[in-house]
Every structure is written in structure tokens, then in C-alpha cells.
Amino acid sequence: MSNPDKKIIILTEDELRKTFSRLTFEIIEKISSLENLLLVGIPTRGVHLAEVLRKEMFDKTGVNVKKGIIDPTFYRDDQNRVGTRLIEATDFPTSIEKKDIVLIDDVIYTGRTLRASIEAVMHSGRPKLISLLCLVDRGHRELPISPKFIGRNIPTNENEYVSVFLEEIDNIDKIEIT
């Protein structure tokens, strides 16, 4: 069983900033038109990650990429197991028709959140492309879903928990396992 007092820092603030920069360059390299790109954050930390990446892209390219929010709560197939939380409004600044969408989440584990997010996006329109970005891939997938953009692969035991801390929410940038 996991010891909640034992915390292992996986990424420090400096390492996390370098990871953001690398992910930004990967998106710039693989998405054909940044003007057609829509970064879509999944609450809660995915929304903040989308904003961090949007700012990074602007700093590196001068292109003001659009950012949206998708809340997949009502599209989950495991609501009775994971419960519900305060719903965040889905918000797209533009039509998603024929857009290149990068769905952003902090940690991928079973794949169920990303599956529900894809379904929620498809319910809102028909994008040209949906790519997935996760800051941490911890393995243990239950569904055949794999992000195109991965900050770090961090193999874990099923009883461990990965925590992502972001300056905008937690007043610190780091990733740790407990």
C-alpha cells in the first residue's frame, strides 16, 4: 500500500518549465497551421496547462492560438465509480468545425477521461483533427488511447498517485508521486 507521507518529486519547477517548452515546440512542429489550432483544456489542471502552452506558443511564434475548455463529466462511462464534481462550462472561442484540436490533460491513467473528452468534442462539432497531450503518462491503460504529445512517461504502481502542482493553482510548479 502507498505511504501518503512518502512523496517523491518527479519534476522540479525548472524541469517542468523545460517540459512545457519542449511540448510547445512539438506542437509547433506537428500541427500544420497554428491559426487553425485550438488548445482545449480538460478541467481542472488541463485548462491551466492549455493557457501555459498558449503563452509559450505566442512567445515562440507570435501567433495567438485560441484556447477552449471541455468538461467531459456527462460523457464518462464510470461516473458511478469516480463520482461527480462541480461542472465547468464547456467553452470554445470559435466553431470547432475543421479545427486542429489538441486536448490537454495533466495525467493519463486509464484513458477514460480522454475518451469522454473526445466524445464531448465530437458532440460539439466535427474537427479536422484531435490530438491528445498529457503532461504525465503513468500507464495502466484500460482503453486503447495514446497521447500524441507526452511530457513525461512515469511508470507507476496502481496504488501510487501522481500529483501535478501548477503555479496558477497551487503556487508552485512540480510533479510528485505519493
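1. G151 touches T19, R22, L23, C134 and L135, leaving out residues up to four places away in sequence; contact here means heavy atoms within 4.5 Å. G151 sits in strand β6. Helices (H or I, at least four residues) and strands (E, at least two) are DSSP runs, numbered from the N terminus. At 4% relative accessibility, G151 counts as buried. Buried means under 20% relative accessible area, exposed over 50%, and partly exposed in between, with a 1.4 Å probe and protein chains only. G151 and F20 are 131 residues apart in sequence, yet their C-alpha atoms are 7.5 Å apart in space.

2. A word on the basis. This is a predicted model, in which local features need pLDDT of at least 70 and side-chain atom pairs count only at pLDDT 80 or more, while totals for chains, interfaces and linings use all residues. Residues are numbered from 1 along each chain as its sequence is written, and side-chain values use heavy atoms, with hydrogens and water left out.

3. Now the parallel sheet. Five strands form an open sheet in the order β3-β2-β4-β5-β6, with parallel pairing. Two strands pair if DSSP finds at least two bridges between them. β3 (66–69) and β6 (149–153) are at the edges with a single partner strand each, so one side of each has no neighbour in the sheet. From one strand to the next, the twist averages 25°.

4. Inside that sheet, β2 and β4 pair in the parallel sense over 5 bridges. V40 has L103 in β4 as its bridge partner. S131 belongs to strand β5. S131 is buried, with a relative accessible area of 3%. Beyond its neighbours within four places in sequence, S131 is in contact with I101, V102, L103, K148 and F149.

5. Helix α1 lies across β2, β5 and β6, and runs at about 150° to β6. Axes are lines fitted to C-alpha atoms, for helices over the stretch in contact, and angles run from 0 to 180 degrees between N-to-C directions. Helix α4 (residues 112–124) also packs on the sheet, where α4 touches β4 and β5. The direction of α4 makes about 155° with that of β4.

6. R112, L114, A116, S117, A120 and V121 are buried in α4. Just after α4, G125 takes a positive phi of about 160°.

7. Next, the antiparallel sheet. Three strands form an open sheet in the order β1-β8-β7, with antiparallel pairing. β1 and β7 are the edge strands, and each pairs on one side only. The twist here averages 30° from one strand to the next. α1 lies across β1, β7 and β8 and runs at about 30° to β1.

8. The bridges of β8 can be listed. Strand β1 (residues 8–11) and β8 run antiparallel and are joined by 3 bridges. The bridge partner of I9 in β8 is E176. β7 and β8 also run antiparallel, joined by 4 bridges. V162 stands opposite I177 in β8.

9. Which way do the side chains of β8 point? K174 and E176 point one way, I175 and I177 the other way, and all are buried. In a regular strand the side chains alternate between the two faces of the sheet.

10. Last, the cores. A nonpolar core is a set of buried Ala, Val, Leu, Ile, Met, Phe, Trp, Tyr and Cys residues joined through side-chain atoms within 4.5 Å. The largest one has 29 residues, of which L37, L39, L135 and I175 touch the most other members. Two or more residues of this core come from each of α1 (13–30), β2 (37–41), α2 (45–61), β4 (100–108), β5 (129–137), β7 (162–165) and β8 (174–177). α2 gives the largest share, 5 residues. Apart from this core lies another of 16 residues, among them I70, F92, A120 and L132.

11. Not counting residues up to four places away in sequence, L37 touches I27, I31, M57, V65, K66, D100 and V102.
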